[in-house]
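This report describes selected features of one structure. Please keep the sequence and the model in view while reading.

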Amino acid sequence: MKAPASLQGRLLLLVLGMVAGVWLVTAVVTWVDVRRELDELLDGHLAQAAALLVVQQVHDIEDDDDGVDTPSLHRYAPKVAFQVFHKGRLALRSANAPAAPMVADGERFKSGFRTLTIDGLTWRVFAAQGAKRNVQVYVGEQTDSRAAILWAVLRGTLWPMLAALPLLALAAWWAVRSGVAPLRRLARTLAERQPQALHPVVVAGAPAEMTPMLDSLNALFGRIAGLMDAERRFTADAAHELRTPIAAIRAQAQVALAESDDALRRHALEATLAGCDRATRLVEQLLTLSRLEEGATTPTGPVDLSALTRREVAEAAPRALEQQQTIELDAAAPCPVQGDATLLAVLVRNLVDNAVRYSPQGARIRVAAARHGGGVRLRVEDSGPGLAEADLARLGERFFRVIGSGQSGSGLGWSIVRRIAAAHQAKVGVARSSELGGLAVTVDWPG
Amino acid sequence: MRILLAEDDPLLGDGLRAGLRQLGFVVDWVRDGQAAERELRGQPYAAAVLDLGLPLMDGMDVLAAVRRAGITLPVLVLTARDAVPERIRGLDLGADDYVIKPVDLNELAARLRALVRRSHGQPQETLRAQGVVLDPAARSVLQDGDSVALATREFDLLHALMLNAGRVLSREQLEQHLYSWGQEVDSNAIEVHIHHLRRKLGSELIQTVRGVGYLVPREQPGKPAPR
């Protein structure tokens with residue numbers, strides 16, 4: 001059988017099925033019980049009647065008329081018969097009793113209960129003997145009368161039940177319907193929502209059973225809202241971040257166009273190119289980030305972080321020197337880590353770049369790669385202004401730039417550093433440098 | 001016309017400074033908000049171009065601080081923050097114009113000229129005094145319909161005097177209008193320029209107030225007094 005698609009229908013079917021089942025069991029139990037009680041009662045009556053007949057032992061039992069006319073006083077009377085034999089001879093019988101003893105063929109039973117068939121009718125017979133054993137009494141009763149009584153009793157109980165069934169079905173339907181009403185309300189609420197609506201669903205009078213579902217649903221909505229928000233912010237911020245390099249390119253190009261002095265025009269053209277390079281770098285960072293967000297890359301092989309750091313610091317050094325910054329490197333011993341060399345280079349470059357970029361002129365920058373507690377630690381410190389607690393917490397949000405940090409950073413570097421570290425199971429820590437006073441960033445690869 | 005440019009991006013700042021100089025502005029460039037506030041409090045700039053995402057002090061804060069200090073110079077906010085609430089906030093904080101990057105240099109210059117003109121109560125794009133017509137956009141001067149060739153400094157000096165027509169400007173004030181920081185100014189440079197201007201335009205236009213400075217009398221006494 002195919003399960004009904006509707007919860008309401010299923011509940012209704014279940015409730016009504018159970019009710020019907022319980023009724024059936026009740027009926028069967030009643031049937032068995034009533035029949036036993038009825039048998040007991042009627043058997044008792046048979047025995048009682050037999051006893052009466054035995055005790056009576058009528059004086060004129062010698063009268064040879066065996067057809068004593070007994071009045072039929074009750075509607076059940078024709079179904080009850082008795083025989084009294086005196087010294088083997090039929091002395092007394094009811095009108096509906098046969099002349100032969102009410103025993104089964106070939107059986108001679110003198111006392112007790114028997115159920116037997118005589119002339120196609122089923123009888124319940126009780127046999128009893130007088131004290132002198134010359135009186136034999138049979139009292140019989142057609143069993144269909146018992147069945148009739150049983151039916152009457154069962155009818156008495158079953159009819160109201162049957163009559164109540166439609167009412168019960170109606171009541172159950174109503175109960176189930178109002179029980180699942182919160183579900184319907186939820187469905188309606190969801191159907192009426194705008195597709196882009198992501199505010200929490202509120203269902204008035206939601207039962208406790210629905211709370212986990214609603215909570216999960218609302219948590220899901222919350223996550224989606226967060227994702228969409230981040231996505232929107234990313235797009236807006238990406239556009240925003242590209243505005244400044246483009247503005248610079250435009251301004252420099254315009255200056256170059258209008259400039260008559262060769263040296264100045266050359267300067268403007270070079271600045272235009274530098275602006276293009278910066279926009280390119282920004283776009284590359286955006287792409288790196290979006291690629292990193294597509295899925296974590298798996299480490300591909302052993303990389304010497306020391307050598308890699310040396311390369312990146314050497315690359316950043318000219319920029320630091322331009323700003324009269326001192327850049328120190330401590331990465332003498334090889335520090336092997338598992339990973340993707342290209343991505344790790346991006347990570348180191350971003351950290352060193354950030355330190356150079358966000359530290360003022362004349363600042364000190366110290367980069368160290370060393371074995372640390374079984375693993376490898378990369379540490380980039382500077383003597384720059386550092387970060388406030390609130391800014392430390394927000395670091396790593398895409399495009400989050402510390403307001404007033406100066407420089408043309410996009411705020412993407414941090415996101416990239418965190419993503420790459422996560423892909424390599426490395427931990428990024430940000431704190432205040434105890435020695436240099438600025439920002440101290442540590443990246444730890446477990447051993 | 002001397003303006004302050006507050007922009008932290010090196011490339012953009014350099015480009016804007018060079019471009020505005022080409023268009024006849026005297027440009028001082030600062031790269032952080034604190035310097036911007038300091039300069040705006042200390043120097044008589046004709047206008048300021050203010051980026052919002054400045055180091056050390058946000059552009060909005062600079063604007064608010066400057067306005068609180070009662071400095072009324074026209075401020076053009078040049079920013080990548082294009083959200084409408086940001087624009088509204090900028091204008092409410094006292095920005096006179098709000099321009100989203102990237103911007104055309106000529107447009108930026110035109111907006112600055114318009115701001116300066118309006119701040120001096122000049123609704124027209126040209127300045128007039130005693131038959132002399134000065135067009136800041138074209139950087140041209142006509143006297144009785146004839147073009148007069150002026151050197152850059154001479155033009156700037158005349159521009160300053162005509163903008164402030166009816167007001168006496170001291171030699172120091174004129175120097176501040178004409179030269180950005182670090183430029184060597186000869187002690188008699190202003191006198192020399194005035195001399196040249198008088199030779200080219202006649203001695204009537206620019207009057208000397210002994211011991212105080214110079215002025216170009218207002219064209220029509222009925223006009224609202226500039227500042």
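The expected span of a helix is 1.5 Å times one less than its number of residues, where helices are DSSP runs of H or I with at least four residues, numbered from the N terminus. The model is predicted: local features need pLDDT of at least 70, and side-chain atom pairs count only at pLDDT 80 or more, while totals for chains, interfaces and linings use all residues. Residues are numbered from 1 along each chain as its sequence is written, and chains are lettered from A and ligands numbered from 1 in the order in which they are written.

Helix α5 of chain B has 15 residues (105-119), so its span should be 21 Å; its end C-alpha atoms are 21 Å apart, which agrees. After α5(B) comes G121(B), with a positive phi near 70 degrees.

L112(B) is also in contact (C-beta atoms, placed from the backbone, within 7 Å) with I3(B). A nonpolar core is a set of buried Ala, Val, Leu, Ile, Met, Phe, Trp, Tyr and Cys residues joined through C-beta atoms within 7 Å. Two such cores are listed here.

| Core | Residues in core | Members include |
|---|---|---|
| Largest core | 74 residues | I3(B), A6(B), A48(B), L50(B) |
| Second, separate core | 42 residues | L289(A), L351(A), V356(A), I365(A) |

In the largest core, the four residues named touch the most other members, and helix α6 of chain B (residues 152-163) gives the most, with 7 residues.

Definitions and conventions. Buried ≥ 20, exposed ≤ 12 C-beta atoms within 10 Å, placed from the backbone. Helix = DSSP H or I, 4+ residues; strand = E, 2+ residues; numbered from the N terminus. Contact = placed C-beta atoms within 7 Å. Lists of a residue's contacts leave out its neighbours within four places in sequence.
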